Amino acid sequence: MPTERKHREEIVRYGRTLHEKGFVAAMDGNLSVRLRQDRILVTPTGLSKGSMRPADLVIVDLEGKQVAGRRHVTSEIGMQLMIYRTRADVKAIVHAHPPTATGFAAAGIALTEPLVCEVVMGLGCIPLARYGTPGTAELAQSLEPYVPKYDAILMSNHGVVAYGDTIEHAYMKMETVEHFAQISLSSRICSGGSSLYRSGRSRSCCWPAPSISEPRTRPPCPCRCLACRKRRVREFRVSGFPVIPLL
Ligand SMILES: [Zn+2]
C-alpha cells in the first residue's frame, strides 16, 4: 500500500504532466487522493500544478475541514468531496481544463458519440453537466446526478473531472477524454460537423438501445451503467464487436 509520501509525489508528478500537456494553465486544476476513508490529500489553491512540491499539498476531512498543510485548500474542494462521498470506490480525482474537451463543454456538446471502440468499451460516454460556478455548492450539485454512473464528466463552460481507483487511472481517464475530444472534433470537421444531429440522437446519455434480436438502427449506449454494460457484452457475444459497423 503506497505511503502518504508516495501519494504526495504522485500528485506532484501528475500535476506536472497536466501542465506540460497543456491540460491546465496558470493555477488551474486540482488533484487529490483518498489517503483513508475520511482523509483526502489535495492540491492547494493559488499554485501552478507544474511547480508544486510534495509539502505544498494539504489534507482535509470529508467535511472539508483542513487538518494538515500550510497552504489553503483548492476552492473546488466541494466538488471533490461530493465525488468521494458518493463513490466509495473512488480513490483519486483529477480536474483540469484540457482545451478540446473544454471546448466541447463550452459549446454545450457531450462526448456521447460512439466513435472509438476503446473509449466505448473502457470509459463509456462522457456526459455534460450543467454549469456551476467554481467554488460554489452549485458546481458539486451540477455533477452529482452523473457521478454514480460515469467516471469522467464534462463541466459546462469549465472543464473536465475524472476519477478512479488510483491517481494514475484518474489521470489516464482525463487523457482519454481529451484524446477522444480531439478525435470527435476531427470527425465533426470531416463530416461537416453534423453527425450528432444528422442521426437524430439526443445529446443526453443512456439513449435506449434496441434488443439484440431487432435490426440495429441505433448504436448501443456506451455508458457505464450496469444494464448498458451487460447489454454490450451480450451483443458482443452474439454478433461480434458491436461498434465498428456503426462507425
Ligand atoms: Zn476548474
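Asn157 sits in the loop that joins strand S7 (152-155) to strand S8 (159-164). In this predicted model, its phi is near 50 degrees, a positive value in a residue other than glycine. With 14 other C-beta atoms within 10 Å, Asn157 is partly exposed.

Ala26 also has a positive phi, of about 50 degrees, although it is not a glycine. This residue belongs to the loop between helix H1 (4-20) and strand S1 (30-36). Ala26 is exposed, because 10 other C-beta atoms lie within 10 Å of its own and the limit for this class is 12 or fewer.

A further loop residue is Thr112, placed between helix H3 (99-107) and helix H4 (117-122). Thr112 counts as buried, because it has 25 C-beta neighbours inside 10 Å and the class requires 20 or more. Thr112 and Ile126 are 14 residues apart in sequence, while their C-alpha atoms are 5.8 Å apart in space.

| Residue | Other C-beta atoms within 10 Å | Class |
|---|---|---|
| Ala26 | 10 | exposed |
| Asn157 | 14 | partly exposed |
| Thr112 | 25 | buried |

Helix H3 also takes part in a helix pair. The axes of H3 and helix H6 (residues 167-190) come within 7 Å and cross at roughly 65 degrees. H3 and H6 are therefore roughly perpendicular to each other. The crossing of H3 past H6 is left-handed. On the H3 side, Thr100, Ala101 and Phe104 make the contact, and they meet Val177, Glu178, Ala181, Gln182 and Leu185 in H6. Of the residues in this contact of H3 with H6, five are nonpolar, two are polar and one is charged.

Methods:
Residues are numbered from 1 along each chain as its sequence is written. This is a predicted model: local features need pLDDT of at least 70, side-chain atom pairs count only at pLDDT 80 or more; totals for chains, interfaces and linings use all residues. Helices (H or I, at least four residues) and strands (E, at least two) are DSSP runs, numbered from the N terminus. Axes are lines fitted to C-alpha atoms, for helices over the stretch in contact, and angles run from 0 to 180 degrees between N-to-C directions. Angles under 35 degrees count as roughly parallel, over 145 as roughly antiparallel, 65 to 115 as roughly perpendicular and the rest as oblique. A crossing is left-handed if the near helix is turned anticlockwise from the far one by less than a right angle, and right-handed if clockwise. Two residues are in contact if their C-beta atoms, placed from the backbone, lie within 7 Å. Ala, Val, Leu, Ile, Met, Phe, Trp, Tyr, Cys and Pro count as nonpolar, Asp, Glu, Lys and Arg as charged, and the others, Gly among them, as polar.
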